[in-house]
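Biologist: Before we discuss backbone geometry and ring contacts, could the model be shown?

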Amino acid sequence: MKSTSLSLIAGTVALAAVTGFAALTAPGDGDTAQAKTAARLPVERSSLLCPAPGLSELAETTYTSFTPAGGGSGGEAGAAELHKATATTADGVKKDEKTEKDEKTGKKDDKGGKKADLGKPVVSLKEPGKPVTAEESGADNPALVGTATGRLAPGWTTQQTTMVEAGSARGLLGVSCTAPDTDFWFPAASTSKSREDYVHLTNPDDTAAVADIELYGPDGSLKSDVGEGITVPARSGVPVLISTLTSEVTEDVTVHVTTRTGRVGAAIRTADEKTGSDWLAASTTPTGTLVLPGIPADATSVRLVAFAPGEADADLTVKLMGKTGSFAPVGQNQLHVKSRMTAGVDLKDITKGEAGSLLLAPAKGKKATPVVAALRVVRGTGDKQEVGYIPATGPVGARATVADNRDKGSMLSLAAPGATATVKVTASAGSGGGEQTVKKYTVKGGTTLAVTPPVPSGLKGGYALTVETESGGPVHASRMLTVTEGGIQMFTVQTLSDDNGTVEVPVAEQDLSVLDD
């Protein structure tokens, strides 16, 4: 019997594009085709989760969704939609009328399980290169779950930005909606009496996920009997108040979220009586050297929080990469992080009028020990203070994007901890009209370049910024968005890391064009 390998190869390519991994082998005598080269193909499916934004009846939330142009394979047009999840609590599901109706009518999915009618999407992207926006008001809006396919999948991103003008939850809260995962680290949370921090867990799948939340303070693990085995129902979001997980009160807490079954999106919504609210995104994967890009020039207070999750202590040098070079802050150039203990250090107004980025690296003569870190940044003084967070982030790599930029108030920070780099920055068309604009920047090694990003010509609405590394690097980046309200410079910072819009697919060395049984 003869058969061609066309379907085998096609299936392998599709598997790799969706899952990020595929192996191509030939049937027969157990021979394995050797990978000769690896082609990079666009992913065909992406998932995003946005946490529930509801904080106050005064909350006004904008969602901006975008996929860069030119990243797709030119095949299926695809779709990119975000739908409302079911609002739940840690104690159980709080069903909306639609979900209750679906359960009563017993709607089934293709596998025979119950499947809720997702209804009309909150955000629906139609084409690459042009962002779309949607707005929601009030405190009762649930999390969003969504998927992009076809040409809309590679590099798909969505920004959630919420303005709360007054009250204890006031502030400009921004977060880039995250992909589901099984492991998250959040330095810079807190159980202090002035803080009210919630871990938001969102499950995108049709079966329940079970998550564990571990807390670590300056002296190690914080005792908690209720952070284990938290059920996150299918296609639902669960907020968990961190201070209810432990009786210990401490300023600096590292939160570790893992799943036993399933996968979730995770983010922490912080609120402080004096400095307002913002989202704390997860730190990059524990590693020996970290970059925290985009500390504002006018920061009045900067606090670094770091954690070493392994068995070894970490000894780190602390450097600020500024406009013209790097320097070690006097008296704060070294940081010792004990194993599985949270370390915090007050860097005060470290930038002193010049935007910069923090570089954490192994101290001289010390081995690289994996750590995670984040910055708590305050702008303003007195009753006009506003807080934001900058987690350690990976490089922009081939391409990274941040959505919801406006004609005024955006600042892009580009940091090159190693070699000098050249990057291309594309300002997309606006959600309501305009033409994309492209500009190139050179970032000298060991410095931070803070620029007002290009704005699309004829801009109407919001737009996205896409950063691509053309040479040198690596480059780490963040975008700060500022909106002045009531004399307060409310701001939020989102980091940019490689969108992983392509995946390597091995090309077999062996000729599989015709196979004989």
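Modeller: This is a predicted model. Let us begin with Lys348, which has its place in strand β27.

Biologist: Where is Arg340 found, and how accessible is Arg340?

Modeller: Arg340 also has a positive phi, near 60 degrees. The residue is found in the loop between β26 (334-337) and β27 (342-348). Arg340 is partly exposed, and its relative accessible area is 32%.

Biologist: Which residues does a cis peptide bond join?

Modeller: The bond in question has an omega of about 10 degrees. Its proline is found in the loop between β38 (463-472) and β39 (476-485). The residues joined are Gly473 and Pro474.

Biologist: What class of aromatic pair do Tyr216 and Phe307 form?

Modeller: The structure holds four aromatic pairs. In this one, the ring centres are 4.8 Å apart and the planes make an angle of 40 degrees. Planes under 30 degrees apart would be stacked and those over 60 edge-to-face, so this pair is tilted.

Biologist: How many residues apart are Tyr216 and Phe307?

Modeller: Tyr216 is in strand β15 (residues 209-217) and Phe307 in strand β23 (residues 299-307). Tyr216 is buried at 3% relative accessible area, and Phe307 is buried at 0%. The pair links distant parts of the chain, with a separation of 91 residues.

Note on methods:
Residues are numbered from 1 along each chain as its sequence is written. This is a predicted model: local features need pLDDT of at least 70, side-chain atom pairs count only at pLDDT 80 or more; totals for chains, interfaces and linings use all residues. Side-chain values use heavy atoms; hydrogens and water are left out. Helices (H or I, at least four residues) and strands (E, at least two) are DSSP runs, numbered from the N terminus. Buried means under 20% relative accessible area, exposed over 50%, partly exposed in between (1.4 Å probe, protein chains only). Rings of Phe, Tyr and Trp (its six-membered ring) pair if their centres lie within 6.5 Å; planes under 30 degrees apart count as stacked, over 60 as edge-to-face and the rest as tilted.
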